[in-house]
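Trainee: Could you take me closely through the sheet of this model, and then through what surrounds it? I would like one connected account.

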Amino acid sequence: MSLFQYRLSELHNMLHSGQVSVSELTEESLAAVARVDGDVHAFLTLDEEGARAAARALDDKLASGASRGLLFGVPAGIKDNIVTKGLRTTCASRFLDNYQPIYDATVAAKLRQADAVTIGKLNMDEFAMGGSNENSAYGAVRNPWDLERVPGGSSGGSAAAVAAGEVFFALGSDTGGSIRQPASYCGVVGLKPTYGLVSRYGLVAFASSLDQIGPLTRTVEDSAYVLQAIAGYDALDSTSAKVDIPDYLSALTGDIKGLRIAVPKEYVGEGVDASVRETVLSALKVLEELGAVWEEVSLPHTEYAVATYYLLASSEASSNLARFDGVRYGVRVDEGGGLADLYHNSRSRGFGPEVKRRIMLGTYALSSGYYDAYYLKAQKVRTLIKRDFDEVFKKYDVVIGPTAPTTAFKLGSQTEDPLTMYLNDILTIPVNLAGIPAVSIPCGFAEGLPVGLQIIGKEFDESTVLRVAHAYEQHTDYHKQRPQL
Amino acid sequence: MSITIKDVQHVARLARLQLGPEEEAVLTEQMNAILQYAEKLNELDTEGVQPTTHVLHVSNVMREDVVKESLSLEDALLNAPEEEDGQFKVPAVME
């Protein structure tokens, strides 16, 4: 029977009692990749040698009786926009095809300190721009539940690798829904922490005021474990928050009696598939049975979130991606002209269409004469969107709704019109704009495809978000269902 | 406000992107559609609303001005497409 049925806490005990070794776990993970990744295509780089060496060292550590890290011996995958020293990191872009990072991202270092085993780097939309993984320069990831459908994006490789049982957990990044939306489409648990809770040092920047790293796992308890290992202040990230990190595992009490839930009417109204709405309403019934109460509320500026997001995120991206100039790393196309030609040619050859589109949009929004009309206006509307949440959180503990308006769509069905694709993120984007935490957990199926329940909390209140998610999970078995591959 | 192919060419120069004629045409159309959608924000009166420059209440972080180890020359140049004498090599800046 597959080891992938076990939670991290169970693996911890099995390793401790000698039922399984780290090397065996690692081989199980590598074998799963060999078996299914030809279909799923979640991995861009596999580090078999590094993983086996790390596993041997951890087995020695186990034998020596030395103290073990929180994620001891657990095989994991890392989204390919998180730099890993000496391990190729591409951001799924041709521009960085041969990029060898010279340092570890803080989260990569923390996984190592926690004794996790990194198996490899995971596919994504190029530079995290996209919601379907079809913008990967190396070919799209496929949804393990239906290989003709997208896994979501941009952390599609991370979600698919966990859903397909290739790794026990993965790290992703979430700028407008890039952890939660693929978690929803692939039937796994995806947590976007509060902005600033997890260090962004070594995360290749897309939109710096929105980007946040978080875990994709099979259970809420696993999510709490990984968050515990990666959260915390980091002097190397100037936006890192100086807050006390609670014990997230002790928050998982199963008790949500008296919990006050707000359900925004904008999250269950027009534009949300009826099957998704029904599934989410059933989930609310479960929470009611557990003693929570829910009421409908309004987040009136929801309909402005997508426009706000695309102006702000593209503007920040146009600035952040200016560093890819063909001089210090990455693609260089030198056709004999001057330095300006080198920039133009390298960037044009290295970037894919969606990345170019966003750089263009952002450059336009920041350019002379348009800054006030677009960028500044969007920053002001961002304030209104944040205020919507502030108001609701005065009376309620969490906000709950669907993660995405639909289930996973067919590959190629939305590539023609960028705007349609952007609207898939309408229920996740407001959370990034407000900087608050949210998790997507499996809450059922619609026509055989997973549906995600989104639980949104107050800033730095991951404990409540995880407590609610865990209580729900204890009373359902959707998270235990696995795709047939 | 609608943008023309000339605007797209101007913005491409600012962004240091070389676009082909077909890319220019497609981007003109797509950027117009996206910007038209963004006009939606003008339905809102934001007079007196403070722009969000940062979602959390944070202040500037300063560190002690002490000398620390920095990247080695070898590391810094590890990914350089071209290098010479311990430096990044680029084509002529002045023509």
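**The sheet of chain A and its surroundings**

Mentor: In chain A, 11 strands form an open sheet with mixed pairing, and their order across it is 1-3-2-4-6-5-10-11-9-7-8. Strand 1 (43–46) and strand 8 (293–297) of chain A stand at its edges, and because each has a single partner strand, one side of each is left without a neighbour in the sheet. From one strand to the next the twist averages 30°. Please keep in mind throughout that this is a predicted model.

Within that order, strand 10 (residues 438–446) and strand 11 (residues 449–456) of chain A run antiparallel to each other and pair over 7 bridges; in this pairing A:F445 stands opposite A:P450, which belongs to strand 11 of chain A. Helix 3 (residues 48–64) of chain A packs on the sheet, where it touches strand 1 and strand 3 (117–122) of chain A, and the direction of this helix makes about 160° with that of strand 3.

Two loops that involve strand 3 deserve a careful look at the backbone. Most residues other than glycine have a negative phi, and most peptide bonds are trans. In the loop between helix 4 (106–113) and strand 3 of chain A lies A:D115, and this residue has a positive phi of about 70° although it is not a glycine. In the loop between strand 3 and helix 5 (156–163) of chain A is A:S154, and the peptide bond that leads from A:G153 to A:S154 is cis, with omega near 10°.

Over residues 24–466 the chain is 37% helix and 14% strand, with the end C-alpha atoms 30 Å apart.

The size of an interface is often given as the accessible area lost when the parts come together; between chain B and chain A the buried area is about 5,300 Å², and carbon and sulfur atoms give 69% of it. Across this interface there are 3 salt bridges, and in a salt bridge between the two chains the side chains of A:R332 and B:E82 meet at 3.3 Å, N to O. Between chain B and chain A, 18 residue pairs are in polar contact, counted where both residues have pLDDT 80 or more.

Note on methods. Residues are numbered from 1 along each chain as its sequence is written. Chains are lettered from A and ligands numbered from 1 in the order in which they are written. Side-chain values use heavy atoms; hydrogens and water are left out. Two strands pair if DSSP finds at least two bridges between them. Helices (H or I, at least four residues) and strands (E, at least two) are DSSP runs, numbered from the N terminus. Axes are lines fitted to C-alpha atoms, for helices over the stretch in contact, and angles run from 0 to 180 degrees between N-to-C directions. Contact means heavy atoms within 4.5 Å. Buried area is the accessible area (1.4 Å probe) that two parts lose on being put together, summed over both. A salt bridge is a side-chain nitrogen of Lys or Arg within 4 Å of a carboxyl oxygen of Asp or Glu. A polar contact is a pair of N or O atoms within 3.5 Å; within protein, one must be able to donate a hydrogen and the other to accept it, and residues adjacent in sequence count only if both atoms are side-chain atoms.
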